[in-house]
Amino acid sequence: MADRPVPEHVGSSPCLTRAQARAFYDRFGSKQDGQAFYEDAAVQDLLAHAEFEKANAVFEFGCGTGRFAETLLTHHLPAAARYVGRDVSTTMVDLTRQRLARFADRADVRLTDGAPRIEAPDAALDRFVSNYVLDLLTAGDIADVLSEARRVLTAEGRLCVVSLTHGSTPASRLVSWLWARVHRLRPQLVGGCRPLALLPFLSQDGWRTIHHNVIVAYGIPSEIVVAETRAMPRWNSGTGCAPAQSAA
Ligand SMILES: C[S@@+](CC[C@H](N)C(=O)[O-])C[C@H]1O[C@@H](n2cnc3c(N)ncnc32)[C@H](O)[C@@H]1O
């Protein structure tokens, strides 16, 4: 896909292949909801800043068991808003469909091959969500997912992402250091997820961050980002050149 430099900070730790991620989450299934003990505080922070109440069409990349989708559809989205969920795991897609059965007329949940490609027209969605999924992907795939998010979001649309991140306190620094070491040795032991920093990915691709936070729960740090698409300055479209200075 896009041929662009990606941030170096994600390190050289090997990621699960898409087939390995599918196999892991097919087995893991509903046990994913057991991660709520450290995920929920970060997800609540996202909900508080993403204005889902104003959304018409939400896309979720890596919907897992459908827990977040159910929360959105039950408590946050307007009654007519549509939800689109995609996941690489058959088990997860089945769990989400079961969970959202009562919203079947508004929810479209399908299996993907895991490629960072979003099957939606340009500017068709107003929220793009991905919780604890980017931290599984290679740096190239993260950059491609964000580029696709930018393409499918409307001008007022919002990117809403949560991921594992690096620690900000002595205890959480130790936890994230240990987590990263386990990931480097046996990524399957931590579901393929490793701590990373999201902001460097956003700074290079035309985003304006409207909310950024790091929340530590039980020693595990999560990064929350809500961002809007930012129109590239006209002088920067195509040429990469700054406008000529006018003579004084
Ligand atoms: C750690 S779980 C998070 C699930 C859910 N978003 C949550 O917050 O509970 C990661 C999810 O991403 C899915 N996943 C992993 N790689 C993916 C990819 N390349 N494309 C789509 N989904 C992917 C997994 O199957 C799994 O459901």
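These legends describe close-up views of a predicted model.

**View 1. The whole protein chain, read from end to end.** The protein chain has seven helices and seven strands. Along the sequence, they follow the pattern α-α-β-α-β-α-β-β-α-β-α-α-β-β. The chain holds 248 residues, and 42% of them count as buried. Take the contacts between residues at least 6 apart in sequence: 77% of these join residues at least 24 apart.

**View 2. The shell around the ligand.** How many residues surround the ligand? There are 23. The closest are Y25, G62, G64, S89 and G114. By class, the shell has 10 nonpolar, eight polar and five charged residues. Three elements each supply at least two shell residues: α1 (18-28), α3 (67-76) and β2 (82-87). Helix α1 gives the most, with three residues.

View 3. Which residues of α1 are buried? They are A21, R22 and Y25. Seen down the axis of α1, the buried residues fall within an arc of 100°, so they line one face of the helix. An α-helix has 3.6 residues a turn, so residues three or four places apart point the same way. The buried residues of α1 pack against α4 (90-99). The face turned away from this buried side carries the exposed residues A19 and R27. Just after α1 comes G29, with a positive phi of about 45°.

**View 4. R18 and its contacts.** R18 lies in helix α1. Is R18 buried, exposed or partly exposed? R18 has 17 C-beta neighbours inside 10 Å, so it counts as partly exposed. Set aside its neighbours within four places in sequence, and R18 is in contact with V88, D113 and G114. G114 is also among the residues closest to the ligand. Now find L136, which is 118 residues from R18 in sequence. In space, the two are 9.6 Å apart, C-alpha to C-alpha.

View 5. In soluble globular proteins, nonpolar side chains tend to be buried together. Here the largest nonpolar core has 64 residues. Which residues have the most contacts inside this core? They are V58, F59, F128 and L159. Look at F128, leaving aside its neighbours within four places in sequence. F128 is in contact with F59 and L159, and also with A149, V152, L153, G157 and C160.

How values were computed
Residues numbered from 1 in each chain as written. Predicted model: local features only at pLDDT ≥ 70, side-chain atom pairs only at ≥ 80, totals over all residues. Near = placed C-beta within 6 Å. Helix = DSSP H or I, 4+ residues; strand = E, 2+ residues; numbered from the N terminus. Nonpolar A, V, L, I, M, F, W, Y, C, P; charged D, E, K, R; others polar. Buried ≥ 20, exposed ≤ 12 C-beta atoms within 10 Å, placed from the backbone. Arc of directions from axis to C-beta. Contact = placed C-beta atoms within 7 Å. Core = buried A, V, L, I, M, F, W, Y, C linked by C-beta atoms within 7 Å.
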